[in-house]
Amino acid sequence: MRIVIAGGHGQIALRLERLLAARGDEAAGIIRRPEQGDDLRAAGAEPVVCDLESASVEDVAALLRGADAAVFAAGAGPGSGTARKDTVDRGAAVLFADAAVLAGVRRHLVVSSMGADPAHRGDDVFDVYQRAKGEADAYVSGLDALDWTILRPGALTNDAGTGRVRLEAHTGRGAVPRDDVAAVITELLDTPATAGLTLELIGGSTPISVAVKSVAGN
(Lines give C-alpha, C1' and ligand atoms only; values in the text may rest on other atoms or scores of the structure.)
Protein backbone atom coordinates (compact mmCIF):
# COMPACT_ATOMS: atom_id res chain seq x y z
CA MET A 1 0.00 0.00 0.00
CA ARG A 2 0.92 3.65 -0.37
CA ILE A 3 -0.14 5.70 2.64
CA VAL A 4 0.14 9.49 2.81
CA ILE A 5 0.44 10.89 6.32
CA ALA A 6 -0.29 14.51 7.24
CA GLY A 7 1.92 15.62 10.09
CA GLY A 8 4.65 13.28 8.90
CA HIS A 9 7.23 14.46 11.45
CA GLY A 10 4.98 13.98 14.47
CA GLN A 11 5.84 11.45 17.16
CA ILE A 12 3.04 9.06 16.20
CA ALA A 13 3.62 9.55 12.47
CA LEU A 14 7.33 8.69 12.67
CA ARG A 15 6.48 5.49 14.55
CA LEU A 16 3.79 4.67 11.98
CA GLU A 17 6.21 5.28 9.10
CA ARG A 18 8.72 2.85 10.62
CA LEU A 19 6.05 0.18 10.98
CA LEU A 20 4.79 0.64 7.43
CA ALA A 21 8.30 0.64 5.94
CA ALA A 22 9.25 -2.48 7.91
CA ARG A 23 6.45 -4.46 6.32
CA GLY A 24 7.09 -3.18 2.82
CA ASP A 25 4.45 -0.48 2.47
CA GLU A 26 5.22 2.88 0.93
CA ALA A 27 4.76 5.77 3.36
CA ALA A 28 4.88 9.44 2.41
CA GLY A 29 4.89 12.02 5.18
CA ILE A 30 3.76 15.60 4.64
CA ILE A 31 6.05 18.04 6.48
CA ARG A 32 6.28 21.83 6.69
CA ARG A 33 10.05 22.18 6.99
CA PRO A 34 12.50 20.59 4.53
CA GLU A 35 15.06 20.00 7.30
CA GLN A 36 12.68 17.44 8.81
CA GLY A 37 13.13 15.26 5.74
CA ASP A 38 16.15 13.34 7.05
CA ASP A 39 14.14 12.05 10.02
CA LEU A 40 11.48 10.71 7.66
CA ARG A 41 14.02 9.09 5.37
CA ALA A 42 15.59 7.43 8.43
CA ALA A 43 12.14 6.06 9.27
CA GLY A 44 11.82 4.66 5.75
CA ALA A 45 9.34 7.27 4.53
CA GLU A 46 9.30 9.70 1.63
CA PRO A 47 9.25 13.34 2.83
CA VAL A 48 6.80 15.63 1.03
CA VAL A 49 7.06 19.34 1.82
CA CYS A 50 3.71 21.13 2.00
CA ASP A 51 2.26 23.65 4.45
CA LEU A 52 -1.32 22.55 5.11
CA GLU A 53 -2.13 25.97 6.57
CA SER A 54 -1.53 27.70 3.24
CA ALA A 55 -1.94 24.99 0.59
CA SER A 56 -5.01 24.70 -1.61
CA VAL A 57 -7.22 21.63 -1.80
CA GLU A 58 -5.87 21.04 -5.31
CA ASP A 59 -2.27 21.21 -4.04
CA VAL A 60 -2.91 18.54 -1.43
CA ALA A 61 -5.03 16.39 -3.75
CA ALA A 62 -2.05 16.23 -6.11
CA LEU A 63 0.01 14.73 -3.26
CA LEU A 64 -2.69 12.18 -2.47
CA ARG A 65 -3.44 10.89 -5.96
CA GLY A 66 -2.58 7.22 -6.31
CA ALA A 67 -2.51 6.58 -2.55
CA ASP A 68 -4.39 3.67 -1.01
CA ALA A 69 -5.04 5.50 2.27
CA ALA A 70 -4.61 8.87 3.96
CA VAL A 71 -3.82 9.41 7.63
CA PHE A 72 -4.29 12.77 9.35
CA ALA A 73 -1.84 12.88 12.24
CA ALA A 74 -1.00 16.59 12.18
CA GLY A 75 -1.41 18.94 15.09
CA ALA A 76 -0.52 22.48 16.05
CA GLY A 77 1.37 21.14 19.05
CA PRO A 78 1.34 21.95 22.77
CA GLY A 79 3.19 25.25 22.41
CA SER A 80 0.73 26.80 19.96
CA GLY A 81 -2.02 29.29 20.71
CA THR A 82 -5.72 29.21 19.99
CA ALA A 83 -5.39 30.57 16.43
CA ARG A 84 -3.39 27.55 15.24
CA LYS A 85 -5.78 25.12 16.91
CA ASP A 86 -8.27 26.41 14.35
CA THR A 87 -5.94 26.57 11.36
CA VAL A 88 -4.25 23.18 11.94
CA ASP A 89 -6.34 20.95 14.20
CA ARG A 90 -9.56 21.94 12.45
CA GLY A 91 -8.66 23.67 9.19
CA ALA A 92 -5.88 21.36 8.02
CA ALA A 93 -7.95 18.29 8.90
CA VAL A 94 -10.86 19.59 6.82
CA LEU A 95 -8.54 20.51 3.94
CA PHE A 96 -6.89 17.07 4.01
CA ALA A 97 -10.26 15.32 3.95
CA ASP A 98 -11.52 17.47 1.06
CA ALA A 99 -8.28 16.76 -0.82
CA ALA A 100 -8.72 13.02 -0.28
CA VAL A 101 -12.22 13.24 -1.76
CA LEU A 102 -10.88 15.20 -4.74
CA ALA A 103 -8.05 12.69 -5.23
CA GLY A 104 -10.38 9.70 -4.97
CA VAL A 105 -8.62 8.24 -1.90
CA ARG A 106 -11.46 6.66 0.07
CA ARG A 107 -9.66 5.15 3.07
CA HIS A 108 -9.14 7.93 5.58
CA LEU A 109 -7.96 7.69 9.17
CA VAL A 110 -7.94 10.61 11.60
CA VAL A 111 -5.87 10.69 14.78
CA SER A 112 -8.13 12.75 17.01
CA SER A 113 -8.26 13.30 20.77
CA MET A 114 -10.26 11.72 23.55
CA GLY A 115 -12.91 14.23 24.56
CA ALA A 116 -13.00 15.96 21.15
CA ASP A 117 -16.40 17.61 20.85
CA PRO A 118 -17.64 20.43 18.59
CA ALA A 119 -19.84 21.57 21.50
CA HIS A 120 -16.97 21.61 24.01
CA ARG A 121 -17.15 24.80 26.07
CA GLY A 122 -14.43 27.08 27.35
CA ASP A 123 -11.83 29.53 26.08
CA ASP A 124 -8.61 28.01 27.39
CA VAL A 125 -6.21 26.67 24.77
CA PHE A 126 -7.09 23.05 25.56
CA ASP A 127 -10.80 23.84 25.35
CA VAL A 128 -10.30 25.41 21.92
CA TYR A 129 -8.24 22.37 20.91
CA GLN A 130 -10.95 19.91 21.93
CA ARG A 131 -13.57 21.93 20.10
CA ALA A 132 -11.39 22.22 16.95
CA LYS A 133 -10.74 18.47 16.93
CA GLY A 134 -14.44 17.81 17.46
CA GLU A 135 -15.42 20.10 14.59
CA ALA A 136 -12.91 18.37 12.31
CA ASP A 137 -14.17 14.92 13.30
CA ALA A 138 -17.76 15.97 12.65
CA TYR A 139 -16.81 17.28 9.21
CA VAL A 140 -14.89 14.17 8.19
CA SER A 141 -17.59 11.82 9.43
CA GLY A 142 -20.12 13.66 7.27
CA LEU A 143 -18.27 12.92 4.02
CA ASP A 144 -19.91 9.99 2.25
CA ALA A 145 -17.02 9.83 -0.24
CA LEU A 146 -14.62 8.68 2.51
CA ASP A 147 -14.31 5.36 4.32
CA TRP A 148 -13.24 7.14 7.48
CA THR A 149 -12.16 5.89 10.89
CA ILE A 150 -11.62 8.34 13.75
CA LEU A 151 -9.21 7.23 16.47
CA ARG A 152 -9.24 9.06 19.81
CA PRO A 153 -6.30 8.02 21.99
CA GLY A 154 -6.11 8.83 25.67
CA ALA A 155 -3.11 10.49 27.30
CA LEU A 156 -0.08 9.76 25.14
CA THR A 157 3.14 8.43 26.67
CA ASN A 158 6.59 7.53 25.38
CA ASP A 159 6.60 4.24 27.28
CA ALA A 160 7.48 1.18 25.24
CA GLY A 161 4.47 -0.32 23.53
CA THR A 162 2.92 -3.41 25.06
CA GLY A 163 0.96 -4.58 22.01
CA ARG A 164 -2.13 -4.73 24.22
CA VAL A 165 -4.87 -2.11 24.32
CA ARG A 166 -8.46 -1.30 25.03
CA LEU A 167 -10.18 -0.14 21.83
CA GLU A 168 -13.88 0.61 22.02
CA ALA A 169 -16.45 3.27 21.19
CA HIS A 170 -16.07 4.48 24.78
CA THR A 171 -13.19 3.36 26.99
CA GLY A 172 -13.09 5.99 29.69
CA ARG A 173 -9.94 7.96 30.45
CA GLY A 174 -6.52 6.36 30.45
CA ALA A 175 -3.04 6.50 28.99
CA VAL A 176 -1.59 4.72 25.97
CA PRO A 177 1.97 4.52 24.56
CA ARG A 178 2.52 6.20 21.20
CA ASP A 179 4.06 2.92 20.02
CA ASP A 180 0.71 1.21 20.50
CA VAL A 181 -1.21 4.03 18.84
CA ALA A 182 0.93 3.63 15.71
CA ALA A 183 0.45 -0.13 15.78
CA VAL A 184 -3.32 0.28 16.08
CA ILE A 185 -3.37 2.67 13.11
CA THR A 186 -1.50 0.10 11.03
CA GLU A 187 -4.03 -2.57 11.96
CA LEU A 188 -6.98 -0.25 11.27
CA LEU A 189 -5.63 0.52 7.80
CA ASP A 190 -5.68 -3.22 7.12
CA THR A 191 -9.26 -3.58 8.36
CA PRO A 192 -11.77 -1.89 6.01
CA ALA A 193 -14.66 -2.99 8.23
CA THR A 194 -13.64 -0.33 10.76
CA ALA A 195 -14.80 2.38 8.35
CA GLY A 196 -17.50 4.56 9.86
CA LEU A 197 -16.31 4.01 13.44
CA THR A 198 -15.15 6.52 16.03
CA LEU A 199 -12.99 4.67 18.54
CA GLU A 200 -11.34 5.51 21.83
CA LEU A 201 -7.98 3.93 22.68
CA ILE A 202 -6.16 3.38 25.97
CA GLY A 203 -3.78 0.79 27.33
CA GLY A 204 -5.38 -2.55 28.08
CA SER A 205 -5.04 -6.30 28.05
CA THR A 206 -6.29 -7.22 24.56
CA PRO A 207 -3.76 -7.90 21.77
CA ILE A 208 -4.03 -5.16 19.14
CA SER A 209 -5.06 -7.45 16.27
CA VAL A 210 -7.79 -9.00 18.43
CA ALA A 211 -9.02 -5.58 19.60
CA VAL A 212 -9.32 -4.31 16.01
CA LYS A 213 -11.06 -7.47 14.81
CA SER A 214 -13.50 -7.11 17.71
CA VAL A 215 -14.56 -3.56 16.85
CA ALA A 216 -14.78 -4.56 13.20
CA GLY A 217 -17.31 -7.23 14.15
CA ASN A 218 -15.03 -10.20 13.42
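Biologist: What makes strands E1 and E2 a pair?

Modeller: This is a predicted model, and in it E1 and E2 (residues 26-31) are joined by 5 bridges in the parallel sense. The definition asks for at least two bridges, so 5 bridges qualify E1 and E2 as paired.

Biologist: Why is E1 called largely enclosed?

Modeller: Buried means under 20% relative accessible area. In strand E1 (residues 2-6), 5 of the 5 residues are buried, so the rest of the structure largely encloses the strand. Arg-2, Val-4 and Ala-6 point one way, Ile-3 and Ile-5 point the other way, and all are buried.

Biologist: What lies between E1 and E2 in their β-α-β unit, and which hand does the unit have?

Modeller: Helix H1 (residues 11-22) lies between them, and the unit is right-handed. E2, helix H2 (residues 37-42) and E3 also make a right-handed β-α-β unit. E2 and E3 are parallel, paired over 4 bridges, and Ala-28 has Glu-46 of E3 as its bridge partner.

Biologist: Why do E3 and E11 count as edge strands?

Modeller: Look at the strand order of the open sheet of 9 strands: E3-E2-E1-E4-E5-E6-E10-E8-E11, with mixed pairing. Strand E3 (46-49) and E11 each have a single partner strand, so one side of each has no neighbour in the sheet. Elsewhere in that order, E4 and strand E5 (residues 107-111) run parallel, joined by 3 bridges. Ala-70 stands opposite His-108 in E5.

Biologist: How do you know that the buried residues of helix H7 line one face?

Modeller: Start with the buried residues of H7 (residues 208-215): Ile-208, Ala-211, Val-212 and Val-215. Viewed down the helix axis, these residues fall within an arc of 95 degrees, so they line one face of H7. They pack against strand E8 (164-168), helix H6 (178-189), strand E10 (197-203) and strand E11 (206-207).

Biologist: Why is Thr-191 called buried?

Modeller: The cut-off for buried is under 20% relative accessible area. Thr-191 has 11% relative accessibility, so it counts as buried. Thr-191 is in the loop between H6 and E10. Leaving aside neighbours within four places in sequence, Thr-191 is in contact with Arg-107, Val-212 and Ala-216.

Biologist: Which residues are closest to the centre of the largest pocket?

Modeller: The largest pocket has a volume of about 1100 Å³. It is lined by 41 residues, and the closest to its centre are Ala-73, Ala-74, Gly-75, Ala-76 and Gly-77. Elements that give two or more residues to the lining are H1, E2, helix H4 (82-103), helix H5 (125-141) and strand E7 (155-157).

Biologist: Which element gives the largest share of that lining?

Modeller: H4 does, with 5 residues.

How values were computed
Residues numbered from 1 in each chain as written. Predicted model: local features only at pLDDT ≥ 70, side-chain atom pairs only at ≥ 80, totals over all residues. Heavy atoms only, no water. Buried < 20%, exposed > 50% of the residue type's maximum accessible area, 1.4 Å probe, protein only. Right-handed = clockwise from strand over helix to strand, strands pointing away. Arc of directions from axis to C-beta. Contact = heavy atoms within 4.5 Å. 1 Å grid on protein atoms, 1.4 Å probe; cavity = no way out; pocket = protein on both sides within 12 Å on 5 of 7 lines; lining within 4 Å. Points joined across faces, edges and corners; volume = space filled by probe spheres on them.
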